[in-house]
Amino acid sequence: MKMNWMHLPLWRLARLGFVSLLICFAVTWPAVADGSEVQTPRPKIAVVLSGGSAFGIAHAGVLEKIEEAGIPIDMILGTSMGSIVGGLYAAGYSPQDMQELISDIDWNSLFMDSKALPQNMFQRAVESMYALRIGFDSKGPNIGAGLLEGQNILAFFTARTIHMATRPNFDAFPVPYRAIAANILNGDTVVFDQGSLAEAMRSSMSIPVVFMPYEHNGQLLVDGGIVDNLPVNIAKEMGADIVIAVVSRGKAPDSIDDLNTSVEIASQTGNLFIMQNMRPNLEAADLVITPNLEEFTTASFARAKEIIARGEEAGDIAMPQLRELATKIGEQRALVSPSEQANRKAFAPPPMFSSLRVEGGSESDRDKIAGIFAPLIGKAYSREALENALHAAFIAGDYSLVKFDLESLKDGEQSESLRGVVSIVPQKPTQDELFASLGFESAISNDISSNLVASLAFLAKELTGPGSALFSSVSFVNKTSASLEYFQPFGSFFILPWARFRFEYDMFVSESLPVAIASKFRTYGAGAWGGLALGNVGDIMAGYSFENVLTGDDWTNLAAQNAGALRAALRLDTRDRTVFPRNGLSLNAFGRWFSPNFGGQFSFSQIEINASAAIPVGQTDALHLSLFGGTDFAGLVDKAQPAKISYYSTLNQPLMFYGLIYTQDDCSGNTVLAGSLEFRHRIRVINELTGGDIYIFANGSAGAVAQYDDPSTYAMWPLKWSATLGASVSIAPHFGIFLGASVLGNIDDTAAIVPAFVIQVGSFNDLSIIDKR
């Protein structure tokens, strides 16, 4: 029916005009959702950032050029590394802020979680002696779901985005945000549109095999690249009219010659799978910017500045298209300068919280964590303070992750306050563990010396209650040994009975003659320790041993003797690793008193003390100070009996006097004092994701040896010195390789300088008490 407006009464026309005006206001007035921002004028512009591991760092450079073109960014989405750059942008960081932040990160430290120390020194000593560890559970061998837990990187994300925790709805951000992950259980695409921004970023970059899958709301999440590496489709669903996609990926193989290994083939297989899910989204994007990253790899995080520069170059190349796009946008809405971008409204200091709730773990865990975070409650705090608290909480127990978030509390009708929430995710323990390692050391000098030891061990846990463990080990090649230990805790106290067999040769080289003397050492017996744990960084012990010992260098007149001894030990260790530590202290004191009164035929007492301190120098260097002292009191105390030759103290100690593989006859004795200073400079990281460091180092050592058979040494204390230059490789926290050129000399005899080329492979560990003679 056609309406004739001319025939309507005036009052009806007025009412109709009023209703029309209300409808107009209803249509055009900005809608405000619960906690959301004002609607964005059209056209809406989305920036979508692809996954790509280290390649994705280039996104920061491209974002700078998009802003330079004056294009307003209304929403940002990303997958994997794209979700990290996108998340930081949504949190209010400018491209320049991100570039500075990303370039200054020590990515190796960020990826390499400082694992929680074992609950006691027994477990720590076991773990630190072996390069390879395989766990066993009810389903069989279990080497873990990934190399890295991702705690450090989650803590980093949390600290940098904690000001967004008051806006759990990502649509409430000044620039709405999405992160893409994949549910590994069923292959579903998981789109993060609410919750913790840090968790969304961490979930999206859970690279399979490298990072542990991230558990979230009953889902097991991995890197979103396997389902949607360029979520242009999600941007369209959010209402984007124009999509700028940034694809930061490596060079595709040009020929079959580029695929020579199984690793390269597997990598290309994954790349093809990802390209398949990207293809429709590439076609749907209005503009695609692709930085040239041919010379980089997925692990080139240390070259962040170079990668960002490549992103900027790609933005400059695409600037004509960006300017053209900006012109079209400018016909419908205002363009913006970089400082006027909507995301800048998001940035704020870390919010204060008035109370704390800790969830997960045991009651003692919760009390411990609450104490760590207590200094932050009710006070202004820095991002670094929050990150440090998360790190301290993580290493305080056997946890898989420690998370932090904020929640709102209603104090009444009007006011609201914030409460901090710490979530503890306990480590999933393996029932038993198998260990393996290889130790090798060799020195090429006036003579050629070498020592190779292969070791296997098995740890059976909790046979007689929590914390108990049965440890059995065997070693062979140049040393043959077998031992059995049982650790049984009683609160802070413990007992440790043991039994062992050991057979090896001690080689002594004459300094003046080309002669090597082999001293035989064989023992079998048993003993027991009782001790008190000093937290998880130390213990103090006392014990008794009874063994049958065959020792000496007079092979025509060797006779086995019984040896009964009282023993005492103190161990403290706060180092971050046993191989080339960067910080921490270590102290090992060991004493033994052999006497016929204790059931044996030996009679001497001895004490040895090893102390060291690792001091970080900047982000890449470390200074290491080591001290050693050992004596059997012979020649120092009246009537003190000298130790047998196989029990002599020696200058051949960890991190000092490199090259003394076969001990020179004047480098061991009844009393030994020594010290060393070593400087290490990290020249590169082997792989930012899986770890490993390459160092160059310089070591200077000095020491003195007194021998009971040569009384003059007690009066003169003839000094030895050693200088070493070399390189070392840290492959794992408890396994490394060392190469060095060393010279050994006497302070009072400059002619007697002995050069040596040294190779060492192993754990370089001195925590084992059972291995002490």
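**Reading strands, burial and ring pairs**

Me: I see that 11 bridges join β14 to β15 (residues 416-426), and that these strands run antiparallel. Which residue in β15 is the bridge partner of Phe404?

Reply: Val422 in β15 is the bridge partner of Phe404. Strands pair when DSSP finds at least two bridges between them. Keep in mind that this is a predicted model: local features need pLDDT of at least 70, side-chain atom pairs need 80 or more, and totals for chains, interfaces and linings use all residues. Numbering starts from 1 along each chain as its sequence is written, and side-chain values use heavy atoms, without hydrogens or water.

Me: What is the strand order in the open sheet, and which strands stand at the edges?

Reply: The sheet has three strands in the order β13-β15-β14, with mixed pairing. β13 (355-359) and β14 (399-410) are the edge strands; each has a single partner, so one side of each lacks a neighbour in the sheet.

Me: How many helices and strands does the protein chain have?

Reply: There are 15 helices and 34 strands, taken as DSSP runs numbered from the N terminus (H or I, at least four residues; E, at least two).

Me: Now burial: how much of the chain is buried, and why is α7 called largely enclosed?

Reply: Buried means under 20% relative accessible area (1.4 Å probe, protein chains only). Of the chain's 773 residues, 50% count as buried. In helix α7 (residues 151-161), 11 of the 11 residues are buried, so the rest of the structure largely encloses the helix. Among them are Phe156, Phe157 and Arg160. Loops can be checked in the same way: Arg575 sits between β23 (561-573) and β24 (584-594), and Arg575 is buried at 11%.

Me: And the aromatic rings: how many pairs are there, and why is Phe122 with Phe487 called stacked?

Reply: The structure holds 23 aromatic pairs. Rings of Phe, Tyr and Trp (its six-membered ring) pair with centres within 6.5 Å; planes under 30 degrees apart are stacked, over 60 edge-to-face, the rest tilted. Phe122 and Phe487 have ring centres 4.8 Å apart and planes at 5 degrees, so they are stacked. Phe122 lies in α6 (residues 121-128) and Phe487 in β19 (residues 479-490), so the pair ties together parts 365 residues apart in sequence. Both Phe122 and Phe487 are buried.

Me: Which geometry do Phe594 and Tyr647 show?

Reply: Phe594 and Tyr647 are edge-to-face, 5.4 Å centre to centre with 65 degrees between the planes. Phe594 is in β24 and Tyr647 in the loop between β26 (621-631) and β27 (649-650), so this pair ties together parts 53 residues apart in sequence. Phe594 is buried at 1% relative accessible area, and Tyr647 is buried at 2%. Ring pairs link Phe594 and Tyr647 with Phe521, Phe602 and Phe604 into a cluster.
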